[in-house]
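This report goes through a few local features of one protein chain. Look at the sequence and the model first, then read on.

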Amino acid sequence: MTRTVVASATKEIIIGFDQPFCVIGERINPTGRKKLAAEMIEGNFETVKADALAQVAAGATMLDVNAGVTAVNPNETEPPLLVKTLEIVQGLVDVPLSIDSSVTEAIRAGLEVAKGRPLVNSVTGEVEKLEAILPLIKKYNVPVVAISNDESGISEDPDVRFAVAKKIVEHAADYGIPAHDIVVDPLVMPIGAMGTAGKQVFHLLRRLRDELKVNTTCGLSNISFGLPHRHGINAGFIPMVIGAGMTSAIMNPCRPQEMEAVRAANVLNGTDPNCYEWIMTYRDHQPAAAGTAGTSEGSGSGMAGRRRGGRAGRMSAG
């Protein structure tokens with residue numbers, strides 16, 4: 001069984017088909033969050049600290065950490081800011097971290113200070129990117145998110161995206177990096193713009209699980225971009241992708257409806273033995289009053305509002 005091991009200084013997590021779904025908290029990302037970006041530029045990390053603590057309290061298994069505050073001179077500005085952010089976050093919480101950047105030097109700097117075994121987010125199928133990132137993955141012996149696009153962009157054909165993922169896995173093997181350390185992002189498209197987006201990702205996830213035998217992740221809320229009541233779509237999407245083979249997702253754990261779906265899927269998938277986590281979380285649960293359910297959360301920011309590693313064309317919610 002494929003198992004991807006990530007760790008902080010004190011806590012080890014396994015991402016795998018026989019493990020509870022891995023929730024990677026998305027909130028520590030200034031892209032599309034002007035206030036957070038301005039704070040980080042000024043050296044104010046109070047929102048970062050609050051987001052780190054809130055996400056872990058809500059049930060995040062890991063935290064994604066991005067410091068892409070500006071597109072101006074990111075090779076100079078991003079490495080030291082990412083280092084500072086990582087140091088603050090890992091000093092506050094004990095969960096493993098995902099180092100999220102499109103800047104190679106920022107990833108290198110982050111790996112030098114990150115404790116344990118972080119996940120690197122990410123590498124694409126572009127040859128230049130593979131040759132820049134994979135040596136770092138090998139040197140530091142860490143897992144990496146593999147994005148299913150290359151020089152030709154993001155294909156709407158899921159079989160083309162599978163071929164890109166296979167190319168990355170094979171290229172990584174040339175560096176001595178095992179497939180269990182490749183976590184493929186199959187690229188979730190917005191269902192409002194592409195009616196087959198759900199079927200596409202389910203098809204692709206099954207192939208990735210059965211043929212490549214790799215773990216997978218995604219920007220979960222991409223699926224609902226542009227639709228009203230996004231959390232309803234997201235919550236319905238979660239058990240379906242888990243059933244198709246997805247083992248982790250970058251998402252907002254502070255949305256109760258979506259975390260309920262994750263925990264329920266763990267129960268039904270047999271990865272919450274004896275329903276223990278479900279019982280401990282919800283044994284004192286009180287149903288919401290009629291007419292109030294789903295009104296406590298906002299609709300989330302748009303696709304351009306969060307840069308997962310700065311990749312053009314990537315979509316997610318802030």
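## Aromatic pairs

Trp278 and Tyr282 are four residues apart in helix H10, so about one helical turn separates them. Helices (H or I, at least four residues) and strands (E, at least two) are DSSP runs, numbered from the N terminus. The model is predicted: local features need pLDDT of at least 70 and side-chain atom pairs count only at pLDDT 80 or more, while totals for chains, interfaces and linings use all residues. Residues are numbered from 1 along each chain as its sequence is written, and side-chain values use heavy atoms, with hydrogens and water left out.

Rings of Phe, Tyr and Trp (its six-membered ring) pair if their centres lie within 6.5 Å; planes under 30 degrees apart count as stacked, over 60 as edge-to-face and the rest as tilted. By this rule there are two aromatic pairs. In one, Phe202 and Phe237 are tilted, at 6.1 Å centre to centre and 35° between the planes. This pair links distant parts of the chain, with Phe202 in helix H7 and Phe237 in helix H8 (residues 230–244), 35 residues apart. Both Phe202 and Phe237 are buried (under 20% relative accessible area; exposed is over 50%, partly exposed in between, with a 1.4 Å probe and protein chains only). The ring centres of Trp278 and Tyr282 are 4.4 Å apart and their planes lie at 50°, so this pair is tilted. Trp278 is partly exposed, at 29% relative accessibility, whereas Tyr282 is buried, at 15%.

## Helix H1

In helix H1 (residues 34–41), the residues Leu36, Ala37, Glu39 and Met40 are buried. Viewed down the axis of H1, the buried residues fall within an arc of 165°, so they line one face of the helix; the arc is that of the directions from the helix axis to the C-beta atoms. The face turned away from the buried side carries the exposed residues Lys34, Lys35 and Ile41.

Among the elements that cover the buried residues of H1 are strand S3 (22–28) and helix H2 (46–58). After H1 comes Gly43, with a positive phi near 85°.

Most residues other than glycine have a negative phi. Leu187 has a positive phi, near 70°, and is placed in the loop between strand S8 (182–185) and helix H7 (197–212). Asn274 also has a positive phi, of about 60°, and lies in the loop between helix H9 (256–268) and helix H10 (276–282).

Which of these residues is buried and which is exposed? Leu187 is buried, with a relative accessible area of 3%, while Asn274 is exposed, at 73%.

How values were computed. Contact = heavy atoms within 4.5 Å.
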